[in-house]
Amino acid sequence: MGLWRLRATVDDRPGYLAVLTASLALKSVNILAVQVHTTEAGAVDDFLVDAPDTLTEEDLLAAVEKGRGRDAWVTRTEARELADWPTRTLTLASRLVRDPDSLGDALSALLGADAVIWRPAPGQDRYGANRGGMRLVDPTGGTYEISRPAPTFTPAEYARAQALVDLAATVVRQAADQVTLVLPDGAEIRVRPAVRDDLAAVTAMHDRCTPSTRYRRYLTGSAVPPAARVERLLDPHRGVTLVALAADDRVVATATLVAEGEIGEVGLLVEDAWQRRGIGTALLRRLVAHGERAGYAALVAHTHADNKPMLATLRRLSRSGPTPERDDTLLTVTVPLASAPVRTSA
């Protein structure tokens with residue numbers, strides 16, 4: 001017996017898949033695994049099969065065609081293909097977390113590609129997959145071009161590959177954003193982007209803060225915000241949240257940038273025992289750098305008129321010394337940014 005991969009398009013109609021599998025069964029072909037790719041042309045069925053040694057590629061193609069399969073593709077394969085696709089994809093994702101530089105090898109393994117090329121600028125045609133090639137957006141800039149002679153790429157394969165590219169970019173970005181800061185008093189803190197797993201630690205920090213500190217952060221209430229709100233702040237749809245961790249891994253401060261259009265709104269919370277030690281300034285400077293890289297025009301912060309430490313920090317960040325806009329007891333401070341240049345196609 002020998003292992004083969006078969007791929008064929010089957011009309012998405014009741015009973016058509018059964019006809020194909022029955023045609024294979026008549027040749028004593030044992031189906032070990034199957035995955036279905038939905039396409040505009042119909043359902044593309046990808047089989048891993050065990051076939052008698054006497055069967056040739058032509059025999060298998062004939063069986064597929066007799067079973068009403070179209071655009072058939074057949075190739076010999078190896079025992080490693082016995083791993084199911086979710087397991088293989090998760091294994092490659094785990095590899096990327098440890099070594100994001102292995103993205104090219106991961107894409108090649110995922111897709112069976114014979115070439116993975118990174119180009120520094122976006123191409124002229126739209127992103128996506130076609131018969132012989134695939135184009136993927138690199139979130140850090142540029143494009144991955146992937147090719148293989150056969151079979152035709154499917155939308156499901158494109159989605160998996162793009163997810164791996166996005167994961168590798170996230171790992172690289174988080175590694176670049178993670179730093180150790182030495183405070184003026186010699187203490188060290190680690191700063192990194194927040195993740196959803198930080199929810200318990202960030203909530204605990206809110207519990208340790210005094211009501212007045214929480215009120216200055218959230219402007220309208222001193223209670224610990226609901227977990228759902230904290231979770232949304234840890235993973236904003238557009239923007240970033242940074243956490244500062246003490247030597248014992250306790251979260252002692254958070255800084256959040258939530259963007260809408262070209263403007264990013266910032267919020268800062270520093271645990272009382274860690275205030276007036278330069279943490280807030282360090283976190284806000286990193287938010288400014290993030291905003292500039294993302295191309296935002298300005299950052300805005302809302303604070304109470306009596307929050308002098310926050311106002312002093314914002315004045316230090318601004319290059320032009322903005323005049324706050326006042327609304328009763330609330331002030332809005334705008335910090336213009338020197339945005340990064342927009343990438344253009346080569």
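Arg-68 lies in the loop that connects helix H2 (57-66) with strand S4 (70-76), where helices (H or I, at least four residues) and strands (E, at least two) are DSSP runs numbered from the N terminus. The model is a predicted one, in which local features need pLDDT of at least 70 and side-chain atom pairs count only at pLDDT 80 or more, whereas totals for chains, interfaces and linings use all residues. Residues are numbered from 1 along each chain as its sequence is written, and side-chain values use heavy atoms, with hydrogens and water left out.

Most residues other than glycine have a negative phi, and most peptide bonds are trans. Arg-68, although not a glycine, has a positive phi near 70°, and with a relative accessible area of 46% it is partly exposed, a class that falls between buried (under 20% relative accessible area) and exposed (over 50%), as computed with a 1.4 Å probe on protein chains only. A positive phi, of about 60°, is also found at Ser-28, which is not a glycine; Ser-28 is placed in the loop between helix H1 (16-25) and strand S2 (30-39). The peptide bond from Ala-150 to Pro-151 is cis, with omega near -5°, and Pro-151 belongs to the loop between strand S8 (143-147) and H5.

Helix H5 (residues 155-177) packs with helix H4 (residues 103-111) at an angle of about 165°, and their axes are 10 Å apart; axes are lines fitted to C-alpha atoms, for helices over the stretch in contact, and angles run from 0 to 180 degrees between N-to-C directions. H4 and H5 are therefore roughly antiparallel to each other, since angles over 145 degrees count as roughly antiparallel, those under 35 as roughly parallel, those from 65 to 115 as roughly perpendicular and the rest as oblique. The contact (heavy atoms within 4.5 Å) involves Leu-103, Ala-106, Leu-107, Leu-110 and Leu-111 of H4, together with Glu-157, Arg-160, Ala-161, Leu-164, Val-165 and Ala-168 of H5.

Over the protein chain, the secondary structure comes to 10 helices and 16 strands. The radius of gyration, taken over C-alpha atoms, is 27 Å, well over the 20 Å that the globule rule gives for 346 residues, so the chain is more spread out than a compact globule; the rule is 2.2 Å times the number of residues to the power 0.38. The C-alpha atoms fill a box of roughly 85 × 45 × 40 Å along the principal axes, and buried residues make up 42% of the 346 residues.
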